[in-house]
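I opened my notebook to look up ring pairs and charged contacts. My entries follow in the order I made them.

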Amino acid sequence: GWSGGYPEIVKENELFERYYRELGIVPAGEWGAFMAALREPLPATLRITGYKSHAREVLHCLKSKYFRELRELRVDGQEVEVPQALSWYPEELAWHTNLSRKILRKSPELEKFHQFLVSETECGNISRQEAVSMIPPLLLNVSPHHKILDMCAAPGSKTAQLIEMLHADMNVPFPKGFVIANDVDNKRCYLLVHQAKRLNSPCIMVVNHDASSIPNLQIDIDGKKEVLFYDRILCDVPCSGDGTMRKNIDVWKKWTTQNSLQLHGLQLRIATRGVEQLAEGGRMVYSTCSLNPIENEAVIAALLDKSQGALELADVSSELPGLKRMPGITKWKVMLKDGQWFEEWKDVPPNRQTQIRPTMFPIKEEQKLKAMNLERCLRILPHHQNTGGFFVAVLIKKSPMPWNKRQPKINQKLPQRTEDTVETAANLDEGTENITEEPALADSEESKKMQNLPKPDTEQSKKEGVCGPPPSKKMKLFGFKEDPFVFLPEDDPLFLPIQKFYALDPSFPKMNLLTRTQEGKKRQLYMVSKELRNVLLNNSERMKVINTGIKVWSRNSDGEQFGCAFRLAQEGIYTLYPFIHARIINVCIEDVKILLTQENPFLSKFSSETQKKVKDMAMGSIVLKYDPDPEKPDSLQCPIVLCGWQGKTSLRAFVPKNERLHYLRMMGVEVFKAKRKEEESEGKTEEEAEGKQAQPEEGMDVEDKKDDSVTKMEAETGEESSNTPAESSAMEVESKTVDLDEFSRNANNHVSQESKD
């Protein structure tokens, strides 16, 4: 019978051991340690988001509170090791622990730490990411002005790192660079959107294409259309994943050399497409979570060979000091799943030549092989620093690819260029799997016909600032039909009251505002950077955009009577804040605690300074700003900007629940809710949110409901509620716990509305 559920997977694979022993990728005498490490579960690792100004506060909170509590703790008889910083990751922003993900989730002793991780992950302050997966973005050497393409981006942890690097200077709301994150799987694109959205950047666009034929995009440079070349490309290709055996234990029983043989051609096509779109002098990082040279060195060698000197491997041995790595190998063999070995292409019988391709073998000419410097690739072995297995190669483009000597310009004759490309690519194909320069879906036969036709609609829509879904039928066969991206016209009457109400700076880039509807009332206003606007407007017919822009304003119908129908949205406030010159209230830390722990506190609760500032201000959406006091080093040392609403006699913050919890933790207010309470409330929350129709919309004054909502929660902020006794057993500042279940239910109208948006 089924006494113990599923049988445990046996971590043995004879073919795997035979293959890698023969290839010699593991140094002599280390085979036992290598196999032992593969059989151990992967330690949990986390990365603190580097670009937010409060990254240091999160780090301080982790080290001084949560890591300290883990000392001398035992779980299932095993002593919990205090997390250690990854020595090679800059500024102590990445950590690993011997706790597996399973133990973290299941152990009652670690429940508080686990909830902290989940909550901080939700609001984008922490990413739970495998250590080796953090390496490729670091080796890209990203600067804020770089145009970046992430070719196979889902699920998005590396994309998040790239976005952080663009925003290295938090004082620049719109970096000149951007990230275009692509994935071939439509469903995984939405996972990618979720990851990117946590970082609230106006410089990210998620698109849905096959990476091996991702289209050439055009941009407008001084009135001329030119092909967009990227300064940095991350090419983290699909792979067999045998470096992930520690977390994906299915690989143990499913592993065979066939997986690598089948993927090699695709990996080479994707990498080729990547270098075609790379700017001269640009850098592309090719990476896999596989140890197999067929997916790694063989792809790089084939690419270098075809490039005829246009590409070179960068020497990154001095980068990331502290990272233990093995150099790339120059000799390897090919094995079929039946265990048959081949040392060179001429040995492969004709009936096997569809499975095995010439590019899978090492280069035979010693001089050519030496010039490739394959030892500059790096392979991470699991037993060297308790990680997964990984491979990385950093390529630099010195000149155009030989089959694309003239960097394609839009003003050249496209049909001529396409014919040239196909011809030269055909000549290049010496047994490789179709490595052609496919300039794009836009350069296909279908689009050639389209280019000869007049395009009044496209031109008209461009004038109107509309980037709709692509017209190609081929693209509409899969996934959801996305709403168009409609930029606000310069003379849109919608903007004037917003500009006046918030006293926006004349430098505010209103041309970058967009909505997702062409008809009816505009409910949300989003914002992108000037450079992404350029990309969107010039590529609507060749690109399937899934998502871009951050929400900066939301329509609030009750706001019209106060002079502005749009309230500020928290997710875009750090981008908007530098341009806002009115409706800003500077608050002290005690005021912030009240705002974050009480649903709709009366003005009398706040400091006298805050009350004075609010007194002469009209009702409506406001900005609440906290500036740290350097003379009080023990208090919160990072600035906070919150969206709020000023009512007749009350003031409230419009901040999603997880973000509230984050700021409270940073101020020393620990927020912890027992699982039991959470389970009880989970079923009710949705119904209550639906049922609270009587509550005024999104933060309008609720004085008549004060008994219910004003004092559901009180932190020890110096005042007690005038209506109900403060439940000090449920929440206390600094040393005790704040239970936010009740509060989160009250705030649910706002949060559920935000999530619908």
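I began with charges over rings: a charge sits over a ring if NZ of Lys or CZ of Arg is within 6 Å of the ring centre and within 35 degrees of the ring normal. The model is predicted, so I noted its limits: local features need pLDDT of at least 70, side-chain atom pairs count only at pLDDT 80 or more, and totals for chains, interfaces and linings use all residues. Residues are numbered from 1 along each chain as its sequence is written, and side-chain values use heavy atoms, with hydrogens and water left out.

**Charges over rings**

I looked up lysine 65 and found it over the face of tyrosine 66, 5.8 Å from the ring centre. I then turned to arginine 533. It lies over the face of phenylalanine 487, at 5.0 Å from the ring centre.

**Aromatic pairs**

I wrote down the rule next. Rings of Phe, Tyr and Trp (its six-membered ring) pair if their centres lie within 6.5 Å; planes under 30 degrees apart count as stacked, over 60 as edge-to-face and the rest as tilted. How many aromatic pairs does this rule give? I noted 19 aromatic pairs.

One of them joins phenylalanine 16 and tryptophan 252. Their centres are 6.3 Å apart and their planes are at 55 degrees, a tilted pair. The pair links distant parts of the chain, 236 residues apart. Phenylalanine 16 is in helix α1 (residues 14-23), and tryptophan 252 is in helix α9 (residues 250-254). I use helix and strand for DSSP runs, numbered from the N terminus: helices are H or I with at least four residues, strands are E with at least two.

Phenylalanine 16 is buried at 0%. Tryptophan 252 is buried at 0% too.

My next pair was tryptophan 31 and phenylalanine 34. The ring centres are 5.2 Å apart and the planes are at 45 degrees, so the pair is tilted. Both residues lie in helix α2 (residues 31-39), 3 residues apart, about one turn of the helix. Tryptophan 31 is buried at 13%. Phenylalanine 34 is buried at 0%.

I also found a cluster. Ring pairs link Phe174, Phe495, Phe501, Tyr502, Phe508, Trp553 and Phe579.

**Salt bridges**

I counted a salt bridge where a side-chain nitrogen of Lys or Arg is within 4 Å of a carboxyl oxygen of Asp or Glu. The count comes to 26 salt bridges.

I looked at helix α9 again. Aspartate 250 and lysine 254 meet in a salt bridge at 3.6 Å, N to O. They are separated by about one helical turn because they are 4 residues apart in helix α9. Aspartate 250 is partly exposed at 35%, and lysine 254 is exposed at 52%.

Aspartate 338 forms a salt bridge with arginine 352, with the closest N and O atoms 3.5 Å apart. This pair links distant parts of the chain, 14 residues apart. Aspartate 338 is in the loop between β16 (334-335) and β17 (341-342), and arginine 352 is in the loop between β17 and α12 (366-372). Aspartate 338 is partly exposed at 48%. Arginine 352 is partly exposed at 24%.

Lysine 346 is exposed at 65%, while aspartate 347 is partly exposed at 38%.

Methods:
Buried means under 20% relative accessible area, exposed over 50%, partly exposed in between (1.4 Å probe, protein chains only).
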